[in-house]
Amino acid sequence: MRPDRHALSPASLVILALAASPASAQTALPEILIEAPRNPDGASRDLGLTDGQLRIIDRAFVPVTVIPESEIRRNGGGTLGDQLNTVPGVTGSSFAPGGASRPIIRGLDNARIRIQENGIGAQDVSDLSEDHAVPIDPLAAERIEVIRGPAALRFGSQAIGGVVNVTNERIPTRLGPPGVSGMMTGGLSSVDRGIDGAARVRGSSGPWAFSADIFGRNAGDYATPQGRQDNSFARTFGGSFGASYVFDQGYIGAAIAQFRSLYGIPGAGSAADRVRIDMVQTRLTSKGEIRFDGAIVDNVRFWLGGSLYRHNEQALDMGAFATASTFRNEELEGRVETAFRPFETGFGTLNTTFGVQFGAQNLGTSGEAGGLLAPTHTRTAAAFLFNELALSPTTRLQAAARIEQARVGGTASLFPAGLDPAGGAPAELAAVRNFAPMSASLGLLQNLPGGWVASLTGQYVERAPRAQELYSKGPHEASGTFEIGDPNLSKERAQTIELGLRRAQGAWRVDATAFYTRYSGFIYKRLTGLTCDDDFATCGSGGGTELRQLTFSQQDATFYGTELRGQVDLGEIAGGTFGIEGRYDFVRATFAGGANVPRIPPHRLGGGLFWRDANWFARVTLLHAFAQNQNAAEETPTPGYNLLNAELSYRMALKPGSGAESLTFGLVGTNLLNADIRNHVSFKKDEVLMPGRGLRFFTTVRF
């Protein structure tokens with residue numbers, strides 16, 4: 001990609017990241033809860049619950065699901081989509097299971113779901129196409145939070161459908177005890193003949209805290225009930241180093257991290273050509289907190305991050321791998337939040353948080369993909385305000401607002417009427433679109449008898465179209481599509497009402513949510529039914545058969561659904577707690593004319609049994625996905641399936657002086673019925689089966 005005058009140089013990323021420089025202290029719990037709370041002794045031991053105990057966040061105005069580190073290690077998913085695929089309301093895109101599977105929340109994907117690590121966006125191109133992986137490996141995660149529903153008020157309009165937030169201590173937030181502590185983990189899996197491992201160490205010296213980690217995985221083509229899924233291998237490797245400076249009023253810290261991945265694209269045509277993606281990303285991030293003793297400001301927090309990203313899309317050519325396309329992304333993001341001291345009003349205690357956010361992205365493609373998206377540049381700036389009013393110890397109100405400015409520049413393509421190649425090649429011209437999305441929300445949180453908490457929220461959120469939605473104009477070999485953007489797209493608007501009922505403590509734990517969202521100008525990928533080769537002249541002519549033509553279109557739509565998860569401790573057996581759990585989720589999505597929105601996941605119903613004590617944890621679960629027959633145009637029905645999983649793990653404390661604190665090991669069985677599973681939301685569901693029966697052994701040592 002040829003650099004332009006808007007480019008962010010590597011030197012500028014280093015300077016901007018280090019301008020906030022390194023440091024760590026214990027982070028105070030925010031007065032206004034926008035994400036899940038943490039214990040002060042570290043992210044990996046949050047909430048003080050035992051293995052397998054359902055974690056319910058009942059203090060947030062929006063539904064938040066927390067996946068703790070112990071569950072991440074047992075799940076063993078190679079991507080965030082694989083890791084979260086059975087969470088109510090969440091599925092994975094499964095374009096390349098194990099290599100590229102991005103989380104989909106409530107049927108919403110790509111540009112509507114923000115993926116971030118420690119508050120900074122993933123800064124990749126996974127929202128541009130389903131074959132692109134997210135450069136965040138679960139092996140580096142200590143906790144994953146899924147914020148369902150519009151979270152755009154804090155994180156930006158890309159979060160209109162939800163946020164997946166990966167947290168860890170790559171930038172230390174506290175000094176910790178003297179000396180060095182750490183963790184080593186590893187696993188072996190049968191379904192893909194895979195091996196994975198990770199290690200991290202932490203320490204402190206005077207006011208400085210340090211953190212370093214390394215991880216890697218190597219998985220071959222995975223097995224299905226119909227045989228090996230060709231070209232489904234995945235290899236990743238990465239690590240980071242971070243340091244923080246701690247002082248009495250807070251901390252300031254920074255980290256550098258790198259992620260590398262090489263994975264295949266399964267499917268008939270791509271497997272035959274051995275299509276693969278070779279990715280590398282380098283990130284510099286910084287964050288900190290300063291607490292004040294004054295009468296007005298309580299604390300100021302900041303997040304700053306920049307990255308350089310590149311991936312090559314390769315295929316066999318004359319017996320050797322050749323790069324057909326290259327995607328590059330340079331991105332910078334920053335956010336500052338100021339929390340004010342609680343203020344007593346005539347109605348109750350008022351807490352206020354004010355924040356500003358900015359972003360800059362330069363995205364470009366070269367090679368065959370150069371025809372897909374010419375270099376684009378996006379600049380954003382925003383301000384947001386959260387107000388929370390405690391009317392009483394049991395009743396809280398929240399009001400929030402955000403205003404944003406987005407400038408998206410690129411090359412617009414004007415295709416002939418009706419997308420008829422006989423009308424000639426599309427005309428191209430430089431274009432800049434400016435948008436001013438505005439959002440607001442109101443929420444009520446009410447404590448009820450018996451430990452129950454009810455929430456009611458109403459939100460109005462606007463989203464600016466992304467560069468790929470406006471300016472795409474050509475072939476994308478890895479995804480098998482010929483994509484056509486619309487430079488005249490308008491803002492997407494969503495009006496949502498959401499009702500929640502939660503119970504976090506006691507023997508009966510429940511998290512239930514129902515939502516209804518009306519979209520004005522919903523932007524989606526519409527398959528036209530035509531096929532193309534590498535240029536527009538071949539589309540629909542009979543000569544083009546390789547690529548499915550799709551256009552970014554806009555239409556009013558309605559989404560509604562529910563998510564339910566519960567767990568009941570039934571009693572004591574053999575010195576441990578025995579119980580049952582259940583879950584159900586669905587989303588229904590239709591356009592204004594009654595047609596179905598494409599690639600919406602089916603109803604899912606499941607349950608299981610568990611037993612746990614201080615050392616052992618055992619669980620068996622069965623998840624039934626119903627057949628999906630409510631299909632969009634050019635979409636085929638998907639049969640239902642039954643997913644049976646089981647797990648057994650043991651945790652033991654080690655003797656003092658042994659050099660280690662604890663040892664955990666276990667065995668996990670997945671898809672034990674060896675069912676044929678096709679994921680309805682995947683563009684390749686008719687070509688790619690999900691993994692078959694597999695066993696995974698894992699172990700973790702803490703020292």
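**Strand pairing, a pocket and a threonine**

Author: In this predicted model, strand 6 (residues 143-148) and strand 7 (residues 162-167) pair in the antiparallel sense over six bridges.

Reader: Which residue is the bridge partner of Arg148 in strand 7?

Author: Arg148 has Gly162 as its bridge partner.

Reader: In what order do the five strands of the open sheet run?

Author: The order is 1-6-7-4-5, and the pairing is mixed. Strand 1 (64-68) and strand 5 (120-121) stand at the edges with a single partner strand each, so one side of each has no neighbour in the sheet.

Reader: Turning to the largest pocket, how much space lies in it?

Author: The largest pocket holds about 960 Å³ of space. It is lined by 46 residues, of which Ser479, Gly480, Glu546, Leu547 and Arg548 are the closest to its centre.

Reader: How does the lining divide into nonpolar, polar and charged residues?

Author: There are 16 nonpolar, 13 polar and 17 charged residues in the lining. Among the elements that each supply at least two lining residues are helix 5 (268-272), strand 28 (508-532) and strand 29 (547-573).

Reader: A change of topic: is Thr638 buried or exposed?

Author: Thr638 counts as buried, because its relative accessibility is 4%, under the 20% cut-off. Thr638 sits in the loop between strand 32 (616-625) and strand 33 (641-653).

Reader: With which side chain does the side chain of Thr638 make a polar contact?

Author: That partner is the side chain of Lys685, at 3.1 Å. Beyond four places away in sequence, the residues that Thr638 touches include Ala627, Gln628, Arg678 and His680.

Key. Residues numbered from 1 in each chain as written. Predicted model: local features only at pLDDT ≥ 70, side-chain atom pairs only at ≥ 80, totals over all residues. Heavy atoms only, no water. 1 Å grid on protein atoms, 1.4 Å probe; cavity = no way out; pocket = protein on both sides within 12 Å on 5 of 7 lines; lining within 4 Å. Points joined across faces, edges and corners; volume = space filled by probe spheres on them. Helix = DSSP H or I, 4+ residues; strand = E, 2+ residues; numbered from the N terminus. Nonpolar A, V, L, I, M, F, W, Y, C, P; charged D, E, K, R; others polar. Buried < 20%, exposed > 50% of the residue type's maximum accessible area, 1.4 Å probe, protein only. Polar contact = N/O pair within 3.5 Å; in protein donor to acceptor, adjacent residues only side chain to side chain. Contact = heavy atoms within 4.5 Å. Pairing = 2+ DSSP bridges.
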